[in-house]
Amino acid sequence: MDSKGMMAAAVAALAGLLGMGSAQAQVQASGNMAVTSDYVWRGSSQSDGDPAVQAGAKVALPSGVYASVWGSNVSFRPDNGARSEFDVVAGWSGALGADWSLDANVTRYLYPGTGRALDWTELGATVSWKQRAWLQLAHSSDALAGGHRGTYAQLGGRLPLNERFRLEAAVGRYWLADAQGPDYVHGQLSAIASLAPAWELRATVHDTDTAARQLFPGNAGGRWELALQGSF
């Protein structure tokens, strides 16, 4: 299925679940939006260091099954023609006990209108403890649409300072096939301030190792990111 077909299927699925929710009042719908000074993903800028506008929508059943669509403008170096990214996700999330929760999903990364084979799929799971720490694992047989396998792991933690402020830190490692590129490590540290019940201001410093700088020249390495994000 091509990018347009995937997007149409995702929209149809979301609309179907929303319709079910209207009829049965069982589906929970939510959304999010953000304006960021730089779209950084796994240590590398996806917007060539420029600002990005992002938005997403999610519907979930009481069972924990959910579907979501998220989008952002993008710009890569060297230029591959991509100007937008849409992430279509289907998964399940729920509690594993009093302190533990799990989110398991499949994500399809779509870059419509490029005329090139940039779309790819990844399986992932995140285990969280008390909203304070998380471990994310993800794997794809076509990582970054490069035709080779890739496995990603991230370990993160969250430290509330008071009702309005918190710190978050994470370190990630991406294992890539030799034909794709070198394995690399990245880290990030964020300070988050709650401006209102639905809005947050996030300041993040990112850094990567030398391998990431070689793999993504000009888009990896140390950089700052400032984002205003909201949920509804």
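Tutor: In this predicted model, a residue counts as buried under 20% relative accessible area, as exposed over 50%, and as partly exposed in between.

Student: Is Asp-48 buried, partly exposed or exposed, and which is its class?
Tutor: Asp-48 is found in the loop between β3 (44-45) and β4. Its relative accessible area is 23%. Buried requires under 20% and exposed over 50%, so the class of Asp-48 is partly exposed.

Student: What is the phi of Asp-48?
Tutor: Most residues other than glycine have a negative phi. Asp-48 is not a glycine, yet its phi is positive, at about 55°.

Student: Where is Leu-144 found?
Tutor: Leu-144 is not a glycine and has a positive phi of about 55°. With a relative accessible area of 27%, Leu-144 is partly exposed. Its place is the loop between β9 (133-140) and β10 (150-160).

Student: Which peptide bond is cis?
Tutor: Most peptide bonds are trans. Pro-78 lies in the loop between β5 and β6 (84-95). A bond with omega near 0° is the cis one from Arg-77 to Pro-78.

Student: How many strands close into a barrel?
Tutor: The protein chain has two helices and 14 strands. The barrel runs in the order β1-β4-β5-β6-β7-β8-β9-β10-β11-β12-β13-β14, with antiparallel pairing. From one strand to the next the twist averages 20°. The number of strands that close into the barrel is 12.

Student: Which residue in β5 stands opposite Val-59?
Tutor: Strands β4 (residues 52-60) and β5 (residues 65-73) run antiparallel and are joined by seven bridges. Opposite Val-59 stands Ala-67.

Methods. Residues are numbered from 1 along each chain as its sequence is written. This is a predicted model: local features need pLDDT of at least 70, side-chain atom pairs count only at pLDDT 80 or more; totals for chains, interfaces and linings use all residues. Side-chain values use heavy atoms; hydrogens and water are left out. Two strands pair if DSSP finds at least two bridges between them. Helices (H or I, at least four residues) and strands (E, at least two) are DSSP runs, numbered from the N terminus. Axes are lines fitted to C-alpha atoms, for helices over the stretch in contact, and angles run from 0 to 180 degrees between N-to-C directions. Buried means under 20% relative accessible area, exposed over 50%, partly exposed in between (1.4 Å probe, protein chains only).
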